[in-house]
Each structure stands twice: as structure tokens, then as C-alpha cells.
Amino acid sequence: MTTPSRHSPHSASSTGTDPAAAPPPGCPAHQSSSLGRDGLRRLYGPEADQDLAGVYEKLRAEHGPVAPALIHNDVRLWAVLGHSENLHMIRTPSQYTRDSRQWTAVKDGTAGPDNPLAPVFTWQPMATFAEGAEHQRLRGAVTGAMAGLDHRGIRRHINRYSNKLLNDICETGRADLVSQFAEQLPMMVMLHVLGMPEDYSERMVQAARDMIKGTATAIESNAYVMEALTRHCVRRRAQPEEDFTSALIAQPAQLTDDEVAAHLRLVLIAAYEATANLIANVLRVVLTDPRFRAQLSGGQMTVPEAVEQSLWDEPPFSAMCGYFAKQDTQLGGQQIKQGDGLLFGIQPGNVDPVVRPDLSANMQGNRSHLAFGGGPHECPGQDIGRAIADTGVDALLMRLPDVELSVDERELSWRSSILSRHLVDLPVQFGKRPPQDVKARPMSHVPTPRKHWEVTSPAPLPLETPAAPPQPVVPAAPAAEPSAAPVRRKGAWRRLLEWWRGY
């Protein structure tokens, strides 16, 4: 399996960075761009874009499991790098809150609305930023609406959307599995779940990816997504349907339009970004690691287990900004002051040498990774994300069992931000094949009925009866050809698998 690295920086070819444009490590230009005020390391900029995991490891070596660092506009916070330290922070609401209004940098304007990460940390009327009774009210509405979802029905739609996307590429024999599959499938499914499939478009896909990157256009992208969600909320309040949005509006908590739209954004963006990255990461490992693919093909590993391994090695979200100290406290040997901001370090926590001294060790069956958070704010939609990834990857490998990477693995490139790292493209090739009915059961090959049957073993000899006289051998008349192939009864495992997929 591909082993996550703690220290080795990615090459320029793997990050999409022009080596001629980047100053060499150690030179003054490189140092000035990677270090900010007070000599603190930046979690953004050229060095972080090239190898953010390497920056985290430098911080771990210099400061331990909790380190001072800078995010966009040189706003200071604590980067929490240790696995147990992260768990303590997210599971201790008496000391740490998600309410960014308590962040000193927000109060004094250092982290203002013009910050590229403002769409992520700016307070909004939703469960992510609430606590206590208000958190229970808002999160209860979200979990209540999700409880009413037909998960088997969702899996059917995931399979149909997967096959629809695969039909668009199967006759060409070549495709980019990031832009043509991994980025499209989660948005198609999530907009269906929300009840707004008419809003599916390439612009929605790109806006969803852009708004959490901390780019110059992130605020504009956020506004586009929120406008679409607000329109949909107004439509569903006037005319309810059988979808997540209508169920959310109907909850006893009686959410306002602003609260409904904010939670739709939370569910849509969190599930979309995480699942798009997850699908791309799993497919990349399948295509580049022969041992991983052999385990998957040979039955030693299931697709859900492959997804879980990827959640350890390459979590869809690298970090989350952020948590905020409600009082003076200590964490990882550091003195944390009231109002300090802390970065939830998902990727560095997953490779913490305290819990993973051997990164090559298989993590099957171990779900203690940080990919979906924990504590009161644990991701409520993680089961939908897993279902999209499991079913989508499974459908692709069944439809295209001969799929292979069409470029050298070293030519793959990534785009990184403080919150996530995702593949730019994943070019593949495979044997051309005709489209398939999107409502059909997922099958990689449908065998044609046999017209001629042969007995491959001799018929059993009759028991000897001494009293019977020998009879002359008479040629037997040719047997009539069966009109139809015999139907083979499905095994229990196949029936269970098809039931789980929604058939």
C-alpha cells in the first residue's frame, strides 16, 4: 500500500509547482516566504503549497504536538499536530468552542471578513458554531432530517449516477477520473439528496471546490453557492417534497430560512469536498499500488476497507479552522490563552508517531482516524460520504475492470490548501465498451446464454444385476437441445450484496 510520508517533500512534478519558479530550500527568498511575523511558520504560501505535510513535521520537530503557526494574512493560531491532543480538543467543549466570535483575532479585526478563509471560520447560524442548548437544537434538526433519508434508495441513485458518468466515457477508452468522475459524482448525489438536481452544473462543482481553498475568489464562490441554496430553501418552504431540505424545514426545531440555508451549505460542501477527494485518493492507490489492487481484487480487502485505509493515509480534509479557547489552559505542553485559535490538524494527527510508529502498517478495522472529527461536532453526514465513495468506486471497478493509469505516476499533480489536498487529474485508459442501462444491476460483464451443452464427465454406471441377461447396445437417440439455459440460483452472499446496493 502507498505509505504516507512524514518528512519527504513532494517533488515539483507532484504538486504542479514549477521548480524554476520556486526558490531552493535554505535560500533567503525561501525562508522569507515560509516564515512570517515573529519567525513563525506559515501554513500557506509557496512552501506550504508545495509540501504542507513537511511544514507540519518541521513544526512537530520544533515545538512538539502543539505548535504556533500563521494562516492567511499572517493570523496567528496554534496548529494541533498530535492525535491525542486533537481528540482532547474536539471532545472537551468545556474548554474549546467552535464559536469564532470568541476568537481574539476576530474581535480585534485581525481575522476580518476579507480573509481568504473567512467563508470557513466566519460565524453563521448553524450547528458547527453553536454549543449547549442551541447546538442541540440545530444539530438535532440536521440528524433528525438525515434519519428520515432512505439510505438504500440513496445507494440506488449513487449507482445510477455512477453508471451515467461511466456511460459518458466508456466508449472512448480514455478518461480523467478526477474531473469526469470523482468531482462530478458527489455533487450529483448531494444535490439529489437536497432536492435540487436542477442546480447541478460545472459552475456549482467548481464553486464548491474553490470556496474552501482560501483563494482570491473564495468569497465570490461562497456567495454563488449560498444564493442557490437560499432560493431552494424558499421553494421548499412553499412547496415541500420528499427530500432532505423539506425534512429539515419540517423539524420541530423550526429553523429559519437563514438557518436552513446555512445547514444546507454545511452538508453540501462538507460531503462534497470530502467525498470527491476520497474517491480520487482511493482510485489513485488502486491504480498505482499493485499490492493494494491485488488485495482488493483477491477479496482480502473490500472497497469499504480500502476507503477506511485511505481515510487514515490521505484524509479528505487536511485540517479544519478552527477551535477557540474558552479559558486559559494547557495543551501539548503549550500555554493556551483564552481567545486563542487552534487548528484541528487532521492529517498530521493521523500520522502522529505516537499512534502510528510504522506508517506502512495496515489500519484495516481501525476507525480511530480523525477524518470525520469527533466529539459534539463529529460529521453527521459521514455515512452518506462513505456510501458515495464505496458505491462509486465499486461501480467503476466493475464496469472498467481493466482500467489502468495512462501516465507515469510521477506525472500526477496535486493542489494543496490549508484545508485539503486533492489530485488535479487522474488520466486512465481501458478497453472500449458499450454504454449500460443506468438502472441495471452493476455488472462488469454479462455472459451470453450457452446454446450447446456438453457432458463433461461420464454418467454413473448402473449397479450390476446378475439375473439380468446381457442386452445388445442400441444407439441412443440424440437429445433435444434445451430451449433455455438453466438458471443458477444466486448464493446468499450475492443476494445480500445486491440488497445492500439497493436492488
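Is Trp103 buried or exposed? Select Trp103 in this predicted model and the answer is that the residue is buried, because its relative accessible area is 1%, which falls under the 20% limit for buried residues.

**The aromatic pairs**

Tyr323 belongs to strand β5 (residues 319–325) and Phe344 to strand β8 (residues 341–345), so the pair ties together parts that are 21 residues apart in sequence. Both Tyr323 and Phe344 are buried. To finish with the rings, show Phe324 together with Trp103 and Phe121, for ring pairs link these three residues into a cluster.

**The sheet**

Now colour the strands, and follow an open sheet of five strands in the order β1-β2-β8-β5-β3, with mixed pairing. The strands β1 and β3 stand at the edges, each with a single partner strand, so one side of each is left without a neighbour in the sheet. Within the sheet, β5 and β8 run antiparallel and are joined by five bridges; here Tyr323, already selected, stands opposite Leu342 in β8.

Bring the helices back into view and look for α3, which lies across β1, β2, β5 and β8 and runs at about 135 degrees to β1. Helix α4 (residues 83–90) also packs on the sheet, where it touches β1, β2, β3, β5 and β8, and its direction makes about 120 degrees with that of β8.

While strand β5 is in view, zoom in on Gly322, which lies in that strand, and trace the backbone to Cys321: the peptide bond that joins Cys321 and Gly322 is cis, with omega about 0 degrees.

**Charges over rings**

Two arginine side chains are the next stop. Select Arg76 with Trp78, where the charged end of the arginine sits over the ring at 5.6 Å from its centre, and then Arg101 with Trp123, where the arginine lies over the face of the tryptophan at 4.0 Å from the ring centre.

**Two backbone turns to inspect**

Go to Asp38, found in the loop between α2 (28–34) and α3 (46–63), which has a positive phi of about 65 degrees although it is not a glycine. Asp38 is exposed, with a relative accessible area of 60%. Move on to Asp74, placed in the loop between β1 (66–71) and β2 (75–80), where phi is near 55 degrees, again a positive value in a residue other than glycine. Asp74 counts as buried, at 14% relative accessibility.

**A covered helix**

End the tour at helix α16 (residues 303–313), which is mostly covered, as nine of its eleven residues are buried.

Terms used: Residues numbered from 1 in each chain as written. Predicted model: local features only at pLDDT ≥ 70, side-chain atom pairs only at ≥ 80, totals over all residues. Heavy atoms only, no water. Buried < 20%, exposed > 50% of the residue type's maximum accessible area, 1.4 Å probe, protein only. Helix = DSSP H or I, 4+ residues; strand = E, 2+ residues; numbered from the N terminus. Phe/Tyr/Trp six-rings, centres within 6.5 Å; stacked < 30°, edge-to-face > 60°. Lys NZ or Arg CZ within 6 Å of the ring centre and 35° of its normal. Pairing = 2+ DSSP bridges. Contact = heavy atoms within 4.5 Å. Axes fitted to C-alpha atoms, helices over the stretch in contact; angles between N-to-C directions.
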